[in-house]
Amino acid sequence: MVANQTTHREKASKDLAPLPDIPEKRYFSISEAALLCGVKAHVLRYWEQEFPQLSPLKRKGNRRYYQRHDLLLARQIRTLLYGEGYTIHGARERLQGRGRFPHRESPDENQRQLSLDVGGASISVIEVRKRWQYLRQELSELLDLCGRRH
């Protein structure tokens with residue numbers, strides 16, 4: 001290979017600016033989340049549409065409130081897109097566990113932070129969130145049934 005030529009992977013794996021530590025806070029506004037993730041607010045809103053795992057709480061007036069796990073996921077998306085050169089589709093597949101993983105054996109720091117130890121088994125925050133949403137739906141349906149009978 002000629003000295004000036006670089007491979008596609010080398011071009012894609014550019015150095016990203018280091019991100020600030022995430023403060024010990026429960027909720028973050030979209031502007032705070034954007035600063036902590038190194039992207040602009042409109043990028044986070046776009047990622048919410050493209051990555052179903054990224055779904056911050058929405059309150060009055062559709063205001064978004066990001067939690068720590070949302071920030072960690074957004075940082076991981078940023079690394080996949082801007083650091084490793086994945087497309088949106090490829091990053092989505094990678095996050096859903098269907099994509100090809102790089103040569104590394106150990107998961108990166110963000111992935112380790114996105115898992116929880118529940119009953120001796122390590123599961124991802126995303127999986128916990130899915131289970132929580134399922135339970136909420138079940139409880140809502142039970143409440144509807146109870147309300148109809150009285």
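Tyr27 is partly exposed, with a relative accessible area of 26%. Partly exposed means between the cut-offs for buried (under 20% relative accessible area) and exposed (over 50%), using a 1.4 Å probe and protein chains only. This is a predicted model: local features need pLDDT of at least 70, side-chain atom pairs count only at pLDDT 80 or more, and totals for chains, interfaces and linings use all residues. Residues are numbered from 1 along each chain as its sequence is written, and side-chain values use heavy atoms, leaving out hydrogens and water.

A search of the whole structure finds 2 aromatic pairs. Rings of Phe, Tyr and Trp (its six-membered ring) pair if their centres lie within 6.5 Å; planes under 30 degrees apart are stacked, over 60 edge-to-face, and the rest tilted. Tyr27 and Tyr65 form an edge-to-face pair, 6.4 Å centre to centre with 75 degrees between the planes. Tyr27 lies in the loop between α1 (8-12) and α2 (30-37), and Tyr65 in strand β2 (residues 63-65), so the pair ties together parts 38 residues apart in sequence. Tyr65 is also partly exposed, at 25%.

## A charge over two rings

Arg59 lies over the face of Tyr27, 5.3 Å from the ring centre. Arg59 also lies over the face of Tyr65, at 5.8 Å. The rule for such a charge: NZ of Lys or CZ of Arg is within 6 Å of the ring centre and within 35 degrees of the ring normal.

## The pair between two helices

Trp47 and Tyr82 form a tilted pair, 6.1 Å centre to centre with 45 degrees between the planes. Trp47 lies in helix α3 (residues 41-50) and Tyr82 in helix α4 (residues 68-83), so this pair ties together parts 35 residues apart in sequence. Trp47 counts as buried, at 1% relative accessibility. Tyr82 is partly exposed, at 31%. Helices (H or I, at least four residues) and strands (E, at least two) are DSSP runs, numbered from the N terminus.

α4 is mostly covered: 12 of its 16 residues are buried. Among them are Leu71, Ile77 and Leu80. Just after α4, Gly85 takes a positive phi of about 80 degrees.

The largest nonpolar core has 24 residues. Such a core is a set of buried Ala, Val, Leu, Ile, Met, Phe, Trp, Tyr and Cys residues joined through side-chain atoms within 4.5 Å. Leu44, Trp47 and Leu71 are among those touching the most other members. The largest share, 7 residues, comes from α4.
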